[in-house]
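Student: I have a protein model open and would like to learn how to read its side chains. Where do I begin?

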Amino acid sequence: QVQLVESGGGLVQAGGSLTLSCAASGSIHRIDDMGWYRQGPGKQRELVATISRGSSTNYADSVKGRFTISRDNAKNTMYLQMNSLKPEDTAVYYCNAKVVVTTAWFPVDSWGQGTQVTVSS
């Protein structure tokens, strides 16, 4: 009923930049909190950054000062601007959103399928 699609991943050298996008579609009434998560090979999935509907943000210490999360509520889209990338940032990045669908009165957690970010040294 709700789909989240990430895009913008790819290969980049250390110190470079990438911008990820997450587009939500389907029977959406409203999207509340959103966030980016990532998981490297053999590692636990970790929170990267979150953003509320009112654009209050929170960042993991490891990306603070380098990444910027933003959203466009009119487009149901979230972004992650990643600067000064490090090899440690290599992971599959997942989009998460709490979506209120048109047939419900409460938000449900939705996840995208992920996009690969690889940072070479």
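The dialogue below goes through the core, the surface and the charged side chains.

Tutor: Keep in mind that this model is predicted.

Student: Which residues have the most contacts inside the largest nonpolar core?

Tutor: In soluble globular proteins, nonpolar side chains tend to be buried together. Here the largest nonpolar core has 31 residues, and Trp36, Leu80, Met82 and Tyr93 have the most contacts inside it. Several strands supply at least two residues each, among them β3 (18-26), β4 (28-39) and β9 (91-101). The most comes from β9, with 6 residues.

Student: Which residues form a nonpolar patch on the surface?

Tutor: Trp105, Phe106 and Val108 do, with about 410 Å² of accessible area together. Phe106 lies in the loop between β9 and β10 (107-111).

Student: How many salt bridges does the structure hold?

Tutor: Side chains of opposite charge can pair when their charged atoms come close. This structure holds 5 salt bridges. In one of them, aspartate 89 pairs with arginine 66, with the closest N and O atoms 2.8 Å apart. Aspartate 89 is in the loop between β8 and β9, arginine 66 is in the loop between β6 (57-59) and β7, and the two are 23 residues apart.

Student: Is aspartate 89 buried or exposed?

Tutor: Its relative accessibility is 2%, so aspartate 89 counts as buried. Arginine 66 also counts as buried, at 11%. Shared partners join Arg38, Glu46, Arg66 and Asp89 into one network of salt bridges.

Student: Where does the charged end of arginine 45 sit?

Tutor: It sits over the ring of tryptophan 111, 3.9 Å from the ring's centre. The charged end of arginine 45 also sits over the ring of tyrosine 37, at 5.7 Å from its centre.

Methods: Residues are numbered from 1 along each chain as its sequence is written. This is a predicted model: local features need pLDDT of at least 70, side-chain atom pairs count only at pLDDT 80 or more; totals for chains, interfaces and linings use all residues. Side-chain values use heavy atoms; hydrogens and water are left out. A nonpolar core is a set of buried Ala, Val, Leu, Ile, Met, Phe, Trp, Tyr and Cys residues joined through side-chain atoms within 4.5 Å. Buried means under 20% relative accessible area, exposed over 50%, partly exposed in between (1.4 Å probe, protein chains only). Helices (H or I, at least four residues) and strands (E, at least two) are DSSP runs, numbered from the N terminus. A charge sits over a ring if NZ of Lys or CZ of Arg is within 6 Å of the ring centre and within 35 degrees of the ring normal. Patches are made of residues with over 30% relative accessible area and no salt bridge: like charges are joined within 9 Å, nonpolar side chains (Val, Leu, Ile, Met, Phe, Trp, Tyr) within 5 Å. Accessible areas come from the Shrake-Rupley method with a 1.4 Å probe; for residues, only the protein chains shown count as cover. A salt bridge is a side-chain nitrogen of Lys or Arg within 4 Å of a carboxyl oxygen of Asp or Glu.
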